[in-house]
Amino acid sequence: MWRSCLRLKDWGHCLRNQPPGGLAASVGPWPTRLSPARAYVPPTERKRFYQNVSITQGEGGFEINLDHRKLKTPQAKLFTVPSEALAIAVATEWDSQKDTIKLYTMHLTTLCNTALDNPTQRDKDQLIRAAVKFLDTDTICYRVEEPETLVELQKNEWDPVIEWAKKRFGIEVGSSTSIMGPSLPARTRKVLTSHLASYNTWALHGIEFLVTQLKSMLLALGLLDLHLTVEQAVLLSRLEEEYQIQKWGNIEWAHDYELQELRARTAAGTLFVHLCSESTTVKHKLLRE
């Protein structure tokens with residue numbers, strides 16, 4: 001397949017020759033979110049108020065301690081995660097903060113808040129249905145009719161992912177240039193629903209986040225199955241945008257910033273799903289045997 005996303009560089013060369021949750025320890029509220037109507041200002045940062053970060057195991061799972069304070073969610077619930085590996089990853093986010101706390105960079109912490117507070121109050125079945133619904137607007141299933149160079153690029157880069165999904169899950173998936181998108185068989189939805197049901201509720205929050213970032217269920221599945229790397233999945237999700245950038249040029253720093261942010265969120269979402277799916281108890285048992 002990977003004759004690869006690096007092919008974009010070659011396309012760019014040819015084209016140049018042609019005429020876009022606050023967490024709280026128990027020490028007070030975080031600033032509220034800005035109204036969309038207000039002009040953009042840099043995200044509010046809070047001075048780091050703790051020296052040491054540690055984890056402890058409680059009755060409900062693993063807890064994060066900032067000095068002697070227990071970390072809490074925005075709804076003031078005890079911040080407790082189901083796996084030790086995830087707790088270590090979240091603790092690392094907090095320990096990595098320097099003089100100020102940049103909550104907008106702490107994607108694992110935010111995902112844990114979502115799973116713990118569940119602001120939309122959805123159960124496992126609802127989370128699965130929401131994720132499967134993304135198939136209706138999957139980025140790599142919608143194709144352009146022109147220009148010819150972009151048509152060919154989409155075919156060369158997206159078709160192999162669709163073929164992988166068809167073989168991996170035994171489903172039928174097509175592509176379409178219609179605004180209505182391709183018609184998906186009921187069996188395809190049933191198979192992918194069953195596959196998602198194998199994940200726990202925490203992981204499903206991460207999967208929905210991942211699909212939202214990539215705007216593609218198929219790219220998210222390829223990433224979680226280790227068929228794609230984060231860099232590949234992100235580049236494929238931005239194929240048209242990267243095409244336009246190669247053709248017309250970058251807009252100062254904006255595109256580079258968006259690319260790096262998307263990579264960070266996608267990597268965090270993928271890591272979150274895998275860490276929520278791990279069983280420390282099973283691993284320890286296997287090591288003893």
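Guide: Start at Val 53, which lies in strand E3, residues 53-58. Keep in mind that this is a predicted model.

Visitor: Which residues does Val 53 touch, leaving out those up to four places away in sequence?

Guide: Val 53 touches Ile 64, Asn 65, Leu 66, Ala 91, Trp 94 and Asp 95. Contact requires heavy atoms within 4.5 Å. Take Leu 66. Val 53 and Leu 66 are 13 residues apart in sequence. In space, their C-alpha atoms are 4.8 Å apart.

Visitor: Why is Ala 115 called buried?

Guide: Its relative accessibility is 13%. Buried means under 20%. Ala 115 therefore counts as buried.

Visitor: Where does Ala 115 lie, and what is it in contact with beyond four places in sequence?

Guide: Ala 115 lies in helix H3, residues 107-117. Beyond its neighbours within four places, Ala 115 is in contact with Trp 202 and His 205. Gly 206 is 91 residues from Ala 115 along the chain. The C-alpha atoms of Ala 115 and Gly 206 are separated by 8.6 Å.

Visitor: What makes H3 mostly covered?

Guide: Nine of its eleven residues are buried. Among them are His 107, Leu 108, Cys 112 and Asp 117. After H3 comes Asn 118, with a positive phi near 40°.

Visitor: How many residues of helix H9 are buried?

Guide: Seven of the eight residues in H9, 230-237, are buried, and the helix is mostly covered. The buried ones include Val 230, Gln 232, Leu 236 and Ser 237.

Visitor: How many residues are in the largest nonpolar core?

Guide: That core has 73 residues. Ile 64, Leu 86, Trp 94, Leu 196 and Trp 202 have the most contacts inside it. Helix H5, residues 148-169, gives the most to this core, with eight residues. In soluble globular proteins, nonpolar side chains tend to be buried together.

Visitor: What does Leu 196 touch, not counting residues up to four places away?

Guide: Leu 196 touches Ile 128, Ala 131, Val 132, Leu 204, Ile 207 and Met 217.

Visitor: Which residues meet between H7 and H8?

Guide: From H7 come Ile 207, Leu 210, Val 211 and Leu 214. In H8 they meet Met 217, Leu 219, Ala 220, Leu 223 and Leu 224. By class, this contact has nine nonpolar, no polar and no charged residues.

Visitor: Is Ala 76 buried or exposed?

Guide: Ala 76 has 56% relative accessibility. The cut-off for exposed is over 50%, so Ala 76 counts as exposed. Its place is the loop between strand E5 (69-72) and strand E6 (80-81). Ala 76 also has a positive phi, near 65°, in a residue other than glycine.

Visitor: What makes H5 and H10 oblique to each other?

Guide: Their axes cross at roughly 135° and come within 11 Å; H10 spans residues 239-248. Roughly antiparallel needs over 145 degrees, and roughly perpendicular ends at 115. H5 and H10 are therefore oblique. The crossing is right-handed. In the contact, H5 supplies Thr 149, Leu 150, Leu 153, Gln 154, Glu 157 and Trp 158. H10 supplies Leu 239, Glu 240 and Tyr 243. By class, the contact of H5 with H10 has five nonpolar, two polar and two charged residues.

Visitor: What kind of peptide bond joins Glu 146 and Pro 147?

Guide: A cis peptide bond, with omega about 0°. Pro 147 is found in the loop between helix H4 (124-133) and H5.

How values were computed: Residues are numbered from 1 along each chain as its sequence is written. This is a predicted model: local features need pLDDT of at least 70, side-chain atom pairs count only at pLDDT 80 or more; totals for chains, interfaces and linings use all residues. Side-chain values use heavy atoms; hydrogens and water are left out. A nonpolar core is a set of buried Ala, Val, Leu, Ile, Met, Phe, Trp, Tyr and Cys residues joined through side-chain atoms within 4.5 Å. Buried means under 20% relative accessible area, exposed over 50%, partly exposed in between (1.4 Å probe, protein chains only). Helices (H or I, at least four residues) and strands (E, at least two) are DSSP runs, numbered from the N terminus. Ala, Val, Leu, Ile, Met, Phe, Trp, Tyr, Cys and Pro count as nonpolar, Asp, Glu, Lys and Arg as charged, and the others, Gly among them, as polar. Axes are lines fitted to C-alpha atoms, for helices over the stretch in contact, and angles run from 0 to 180 degrees between N-to-C directions. Angles under 35 degrees count as roughly parallel, over 145 as roughly antiparallel, 65 to 115 as roughly perpendicular and the rest as oblique. A crossing is left-handed if the near helix is turned anticlockwise from the far one by less than a right angle, and right-handed if clockwise.
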